[in-house]
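Visitor: I'd like to learn how to read helix packing and a ligand site. Could you walk me through an example?

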Amino acid sequence: MSDRVILSSRTPSPVLVVGSVAYDNIETPKAKGERILGGSASYVSLAASFFAPTRMVGVVGRDFAASDLARLSGRGICLEGLQHDLTGDTFFWAGKYHENYNRRDTTDIRLNVFEHYKPVLPDSYRSTPFVVLGNISPSLQSHVLDQTVGKPFVIADSMDLWMEIARADLLKLLPRVDLFILNDSESEMLTGESNVFLAGPAIQKLGPKLVIIKKGEHGSILFHPEGLHFVPASPVTDLQDPTGAGDSYLGALAGVLAALGDSSHLSLKRAMSYASATASMTVEAFSTTRLESAGVSAIQARHDDLRRMVSH
Ligand code: AMP
């Protein structure tokens, strides 16, 4: 078992994560990274692994390095649901950040083995109580839910691309989602509301009872029937590569809920602080490097700093 942040005396429930596993080329105003480990499932799973047992579902190609598999299994992530398709290469994505790091352009995308991928849940994964639908097409996200048994707590992410090209599929998925996480520009795109306090309730009307809207370095807001909750971003002065911040937030959030074993208002508030702390680690290095090496005491310390900053 890998080391974990201990949040309660109960045994943490497992988390199932589906998403992309990728090689990324990243260009920031300061530096470049080439063919580095990325993908939504990689960041989500690594972040979740600091809090709860994590099961990963995705696909890699013939070029996927054994050393990268070892990075995932080294954090105790179960890879039984990771398919190896030897007929093609791993999903590839290239992105370039603007001067202020807040915007980025996709400069290349090659679906490769993702093109014909249909996620298959191993039997042992089907009744996992916490399910994270990382960023992949909403029809694949639905296909994963179709294979689950019981009533898992479902947390989903998406992106502007799917709102543009697969809106109907996304609208079909949302009533099956308990907690939907998106950033402020995506919430405006989905609802037409530029005011987040109007966009949040508009998304709740589309299905998910719980919504978190992220506002980059300005923090995140939870829309919950018991009331709003605000969490700031953990301050970062050494920003290297923002890629994966959202996925790390998502993974840590899911991991904390699984560790606590419930999705109450109080547990969600605790989870948001850990999510902010964990995401702030990811952006301090390219790829998942800093996240992998973070260690539970550094995550806990950053979480505690954040709590001190917002209490009297
Ligand atoms: P984030 O910075 O949290 O949006 O996540 C970045 C990760 O998303 C990168 O490592 C990419 O490999 C991955 N990614 C980019 N575009 C897509 C896509 N269309 N589908 C799935 N994953 C993607």
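Predicted model: local features only at pLDDT ≥ 70, side-chain atom pairs only at ≥ 80, totals over all residues.

Visitor: Okay. At what angle do helix α6 and helix α7 pack, and how far apart are their axes?

Guide: Helix α6 (residues 184-191) meets helix α7 (residues 196-204) at about 60°, and their axes are 9 Å apart. Angles of 65 to 115 degrees would count as roughly perpendicular and those under 35 as roughly parallel, so α6 and α7 are oblique to each other. Their crossing is left-handed.

Visitor: And how do I read α9 against α11?

Guide: In just that way. Helix α9 (residues 265-282) packs on helix α11 (residues 296-310) at an angle of about 120°, with 8 Å between the axes. Roughly antiparallel needs an angle over 145 degrees, so this pair is oblique too. Here α9 passes α11 in a right-handed crossing.

Visitor: What about α1 and α8?

Guide: Helix α1 (residues 40-48) packs against α8 at about 40°, and the axes lie 7 Å apart. That makes α1 oblique to α8, and their crossing is right-handed.

Visitor: Now the ligand. Which elements each supply at least two residues of the shell around it?

Guide: α8 (245-260) is one of them, so keep that helix in view; the others are β2 (22-27), β6 (91-97), β7 (104-110) and α4 (160-165).

Visitor: Which residues come nearest to the ligand?

Guide: A residue joins the shell if one of its heavy atoms lies within 4 Å. There are 18 residues around the ligand, and Ser20, Asp24, Gly39, Gly244 and Asp247 come nearest. By type, the shell divides into eight nonpolar, seven polar and three charged residues.

Visitor: How do I pick out polar contacts there?

Guide: Look for pairs of N or O atoms within 3.5 Å. Ser20 has a polar side-chain atom 2.8 Å from a ligand nitrogen. Gly39 uses a backbone N or O atom, 2.7 Å from an oxygen of the ligand. Asp247 places a polar side-chain atom 2.7 Å from a ligand oxygen. As for cover, the protein hides 90% of the 500 Å² of accessible area that the ligand has on its own.

Technical notes:
Residues numbered from 1 in each chain as written. Heavy atoms only, no water. Polar contact = N/O pair within 3.5 Å; in protein donor to acceptor, adjacent residues only side chain to side chain. Areas by Shrake-Rupley, 256 points an atom, 1.4 Å probe, with all protein chains shown as cover. Helix = DSSP H or I, 4+ residues; strand = E, 2+ residues; numbered from the N terminus. Nonpolar A, V, L, I, M, F, W, Y, C, P; charged D, E, K, R; others polar. Axes fitted to C-alpha atoms, helices over the stretch in contact; angles between N-to-C directions. Left-handed = near helix turned anticlockwise from the far one by under 90°.
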